[in-house]
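Please keep the sequence and the model in view while reading.

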Amino acid sequence: MQFNEATIDTKASSIYFVYPFTFDIARFDSLNQTIPEAKLSQKPTTVWEPQSFPTEDLLFHVANYLNPTESQISTAQRWKLSGAVRDVFGFQDQWELELTSPQRSVPFAFGKDGKGGDVAQLMLFRVGVGFLILQVQPKLNTIQHWLNFLHYFRFLKGQQGSGVKVQKRRWDAKKQEAFFEDYFPEIAQCAPQNKPKFGQIIKALLHTVSSEPWWKEIFVSGQMLPFVSLYVDNLPEEKTPHLLYKLQNFFHDNQGNDPSPEDLEPQIQPWLSYARGQWFVCTLEGSSFLAVNASIEEFFRKTLPHHLRHQYFLLFLLALHQRFALMSLSGQVAESWVKDEATRLQQFEKIRDRLLWFTARGYFAQVMQREHHHRCYCKWQEVFQLDRLYREVHDEVREMQEYSTLQYLRRLEAVEKERDRLRQEERERLAEVEKKREQERLEEKERQEKAEKKREQERLEEKERLAEVEKKRDRLQLEERERLAAAEKKREQERREEKERQEERERERDRFYMLALREKEEADKQRERLYLQQLREKDEAQAKRDRELQDLAYIVSAGLGGAAILASSAGLLTAGSDQGQVTVVWISKVLNTWHPVAVAISLSLLGAFLFAGAAWGFREGRRWFLDRRAQRKLEAFLLVLKRKPELFSWCDRQQLGELVDCHPNEPRELFEAIADWCEREGKSGIVRELAISEKRVKPDSWAKKHYKTRLRSAISPPTAAQKKIEGFLRLLQKQSDLFDREARYHLAQQQWAPEPDKLAEQISKWCQGERRSAIYAQLLDEQNNLPSLLLISRLEPYAKRLQKAIGRLQPRKPPSLFSRVVDETWRDIEREWQRIKRSPPP
């Protein structure tokens with residue numbers, strides 16, 4: 001039967017899946033302390049957060065059972081999964097989750113409406129029963145998808161072809177678009193291509209408490225129990241029994257389409273009516289609530305769904321925990337029966353205590369006071385057959401304990417008879433032993449008299465031996481005093497040598513400090529020189545702006561002068577009038593009669609505009625021509641820098657970089673500064689190449705801006721790190737005698753970084769090592785006095801050049817023991833000689 005016309009109200013509907021298990025009752029308190037502190041290696045936050053049970057509408061003693069006070073013993077605990085670790089287990093809202101099955105794929109999300117919330121909960125009861133609860137929901141609102149999801153998602157090991165497919169959103173930087181790729185949480189330890197199962201996520205959640213398996217399955221292996229509340233709209237009334245039948249058996253869409261008439265009879269089936277068109281369906285495989293075409297009142301669409309997710313779900317869990325607690329006790333009875341009698345009796349004592357604890361603290365006849373809640377709770381107890389199961393377990397425990405007690409009493413009686421027989425035998429044996437002991441006492445007395453004579457002889461010999469030992473001890477003490485005096489003298493010598501070595505290290509640190517100050521002073525001088533140059537360039541720019549303002553004043557003066565001349569010649573352009581008016585002869589007769597003052601003002605303004613415009617146009621045209629010429633020459637200079645880098649030494653590049661930094665981004669000023677530098681430094685080769693390259697510049701290639709940035713990039717002046725590296729390379733080539741065998745060995749073992757800045761920092765740290773102050777001082781001299789014509793190679797990395805220079809010093813092998821001893825002896829001689837020279841004369 002098809003339900004195509006019906007839809008699901010996803011806001012009111014919800015699904016819980018319960019994974020039941022048992023654990024060792026003795027571990028309840030330790031688990032209660034361990035679970036809130038459990039953490040993952042991926043994130044430092046805790047995995048589980050404590051959560052109290054809902055106590056609304058609960059009877060007082062049941063509420064105390066679930067949420068005891070601090071003075072009471074904890075009998076049940078509840079935790080929820082922390083929101084900070086949901087993404088680790090695949091419960092992320094933004095991921096695409098899909099249930100795969102032979103019927104069809106069903107997209108779903110964790111939590112209510114895919115918004116997270118209590119997506120995973122963990123409950124433990126002191127009777128040894130626990131629940132792992134997951135809240136999931138399909139994204140589509142068709143009955144077919146919800147039925148398929150309820151049928152297949154409860155299978156954790158891929159039964160009946162079920163599976164879970166997860167896709168994670170990724171960003172393609174090249175295509176600038178998002179895409180989804182297959183993914184499965186790493187904590188489950190299963191790659192997406194290996195067809196992962198959801199049961200691996202369940203195991204990962206439980207393994208957060210302990211790395212060892214601390215739980216056992218109590219239900220069907222690899223299967224969960226669903227608790228679903230389903231709100232269906234637009235469903236015909238005649239199809240309602242068929243849908244109830246499918247929910248009762250958790251059939252998928254294509255299963256259970258031909259039920260018998262008895263299967264659709266409400267009086268026979270475990271359907272509990274709640275209201276018009278609303279039923280509870282209670283089975284051993286789970287529980288369902290179906291509301292067909294429910295009223296749109298707030299109670300049925302909001303309040304009742306909230307009660308189903310909290311109060312009714314709690315009733316279901318309490319009934320379920322009673323069933324599994326009794327099943328666990330029944331299993332313990334069966335396991336204990338096959339053991340020996342002594343162990344069996346102890347086990348049955350524990351089982352009886354647990355049964356009594358369960359009867360007193362966990363077996364409730366009524367949980368809530370309200371009628372609907374109590375009817376539903378009684379229905380679950382009836383379906384789960386709790387009364388029958390409790391009686392069976394109670395009778396088993398009582399009968400087997402009575403039988404074990406009877407056997408134990410019989411065994412005690414037999415043991416008592418055997419003990420009496422053993423006592424009689426023991427008395428006879430003791431009499432025999434006493435007779436034998438008396439004979440042994442007489443023999444022992446004779447042996448003692450002989451031993452006394454022998455001990456007297458041994459005492460005399462021991463006295464003589466002690467006298468000899470005393471003499472030997474005196475001789476050894478004298479030798480020990482002499483040895484201690486020699487050792488004290490040696491320690492005094494070592495302390496004196498250690499003090500001298502410390503003084504030498506102090507002097508070495510002082511030398512390093514002075515060299516560091518020297519290096520800092522050189523850097524400060526360099527920054528000060530660059531700052532003064534920038535100030536000079538700013539002064540020159542200010543002077544240039546002053547000259548331009550002066551030129552503008554000259555232009556305005558010239559325009560005003562021309563206007564005055566034009567105004568004085570106004571008589572040549574106008575004709576007089578007897579009415580105090582002036583007639584302009586070269587204007588139409590309608591507008592040619594003006595006042596003399598208006599004529600003078602108009603001619604003055606016209607003359608000033610014409611003269612000033614002509615002067616400004618000439619000046620701007622000349623400036624445009626010079627800028628175009630400077631742009632062409634700058635393009636030629638960039639071409640020379642690119643094609644003839646060997647013409648520029650490191651000193652040239654440094655001066656050019658400072659020159660470009662101190663000038664504004666104006667082509668004419670930049671080229672004038674470069675031309676002045678070439679003339680000042682006598683760079684005739686660069687001038688010739690510049691003249692040749694100027695002819696090769698294409699007409700459309702020098703219309704670009706930002707010449708300052710381009711020149712800076714093409715010049716690439718040497719940095720302080722490059723100077724330090726070049727200085728160290730020259731030091732390795734020209735002053736290799738500064739590097740002893742140990743220093744060369746350490747250089748060969750060093751891992752040099754490819755980046756110049758990190759490489760320079762490594763060289764500075766190495767040179768500041770013990771007994772390397774001389775190398776550090778020479779390095780500062782070399783980097784500050786590099787030849788002005790030195791060319792910095794850009795074809796070969798610095799790290800490779802440094803490795804080659806170190807390789808030319810000596811083969812990469814550690815110094816031999818003899819070499820180290822010789823070097824250490826020579827250093828000791830030098831320190832002793834320095835100490836003698838520093839000591840005052842006698």
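**Surface patches and cysteines**

Y408 lies in helix α9, which covers residues 386-568, where helices are DSSP runs of H or I with at least four residues, numbered from the N terminus. The model is predicted, so local features need pLDDT of at least 70 and side-chain atom pairs count only at pLDDT 80 or more, while totals for chains, interfaces and linings use all residues. Residues are numbered from 1 along each chain as its sequence is written, and side-chain values use heavy atoms, with hydrogens and water left out.

Nonpolar patch
- Y408, L409 and L412 make a nonpolar surface patch of about 260 Å², a patch being built from residues with over 30% relative accessible area and no salt bridge, with nonpolar side chains joined within 5 Å and like charges within 9 Å.
- Y408 counts as partly exposed because its relative accessibility is 33%, the class between buried (under 20%) and exposed (over 50%), with a 1.4 Å probe and protein chains only.

Positive patch
- K642, R643, K644 and R696 form a positive surface patch, and the salt bridge excluded from patches is a side-chain nitrogen of Lys or Arg within 4 Å of a carboxyl oxygen of Asp or Glu.
- R643 is found in helix α11, residues 596-643, and counts as partly exposed because its relative accessibility is 49%.

Cysteines
- The count of disulfides, defined as pairs of cysteine sulfur atoms within 2.5 Å, comes to zero.
- C376 is in no disulfide, and the nearest cysteine sulfur, that of C282, is 5.2 Å away.
- C376 counts as buried because its relative accessibility is 0%, and C678 counts as buried at 6%.

Definitions and conventions
Accessible areas come from the Shrake-Rupley method with a 1.4 Å probe; for residues, only the protein chains shown count as cover. Lys and Arg count as positive and Asp and Glu as negative; His and the chain ends are not counted. The place of a charge is taken as NZ of Lys, CZ of Arg, CG of Asp or CD of Glu. Helices (H or I, at least four residues) and strands (E, at least two) are DSSP runs, numbered from the N terminus.
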